[in-house]
Amino acid sequence: MRIVRTTDYKDMSRKAANVISAQVIMKPDCVLGLATGTTPLGAYSQLVEWCDKGDVDFSNVSTYNLDEYRGLTNDDPQSYHYFMRQNLFDKVNIDLARTHVPDGSNPDAEAACSEYDRMVREAGYPDLQLLGIGNNGHIGFNEPDSCFSKGTHCVNLTESTIKANSRLFEREEDVPRQAYTMGVQTIMYARMILVIASGEAKADAVYRMCYGPVDPDCPASILQLHTNCVVIADEAALSRCPQE
């Protein structure tokens, strides 16, 4: 695991976008695993700017998002389908047919999850998987548990995750209580993993991810075992970690 220390959110976002754009330039038909939430917004904005300038070309890229709320249709403004189109897909020259997000509108959890696993497997798994990290150490919607998850599955969101995500909804009670998410094993199949984190609220989780024991109580800790994992985080998020 390699840690890149940045000064602030803007610096973190630009460095993350550099890594993603380098992957696309090196392999124009690459498979990207993408994340949602507020942390990657700066990186996505930077990628949009570079695409507008012609510095990066997404026309042959395929994408697979980590997760989606169960029970939301693709056009629901709170869905991750909608989020990705609003913040990246509709602003770059990507073929929407090459973009993929779990189907939260399918009430059959087993069918929705197995179908997504099939698509990700047939794509050959991501060349680069972008991750954020939750305050409790979750990656995707893989919450703290007694074991590491495998394939895509339906999860019951913890109260801390619901509270953290409520800032994106009008009311906390509007936040869905379940989601479909790639499993930890699927995430680990990516050839490169890029984790981004910003802010003091993430400091404990980042420390446990990088320096704590590998324990499913902190799902992100398994990334210590990945052969090509890069963490890009600002000073606040790395405030508990030793200077290296």
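Predicted model: local features only at pLDDT ≥ 70, side-chain atom pairs only at ≥ 80, totals over all residues.
Which residues on the other side of α4 are exposed?

α4 covers residues 109-122, which makes 14 residues. From its first C-alpha to its last it reaches 20 Å, close to the 20 Å expected at 1.5 Å a residue.

Now the buried side. A109, A112, C113, Y116, D117 and V120 are buried in α4. If you look down the helix axis, those buried residues fall within an arc of 130 degrees, so they line one face of α4. And what sits over them? The cover for the buried residues of α4 includes strands β3, β5, β7 and β8, along with helix α6. Back to my opening question: on the other side of α4, the exposed ones are E110 and E122.

At the start of α4, D108 has a side-chain oxygen that comes to within 3.3 Å of the backbone nitrogen of E110. After the helix comes G124, with a positive phi near 90 degrees.

Okay, on to the valine. V56 is in the loop between α2 and β3. Is V56 buried or exposed? Its relative accessibility is 4%, so V56 counts as buried. Setting aside neighbours within four places in sequence, V56 is in contact with S21, V24, L47, W50 and C51. One more pair while we're here: V56 and I20 are 36 residues apart in sequence, and their C-alphas are 9.8 Å apart in space.

Terms used: Residues numbered from 1 in each chain as written. Heavy atoms only, no water. Helix = DSSP H or I, 4+ residues; strand = E, 2+ residues; numbered from the N terminus. Buried < 20%, exposed > 50% of the residue type's maximum accessible area, 1.4 Å probe, protein only. Contact = heavy atoms within 4.5 Å. Expected span 1.5 Å × (residues − 1). Arc of directions from axis to C-beta. Polar contact = N/O pair within 3.5 Å; in protein donor to acceptor, adjacent residues only side chain to side chain.
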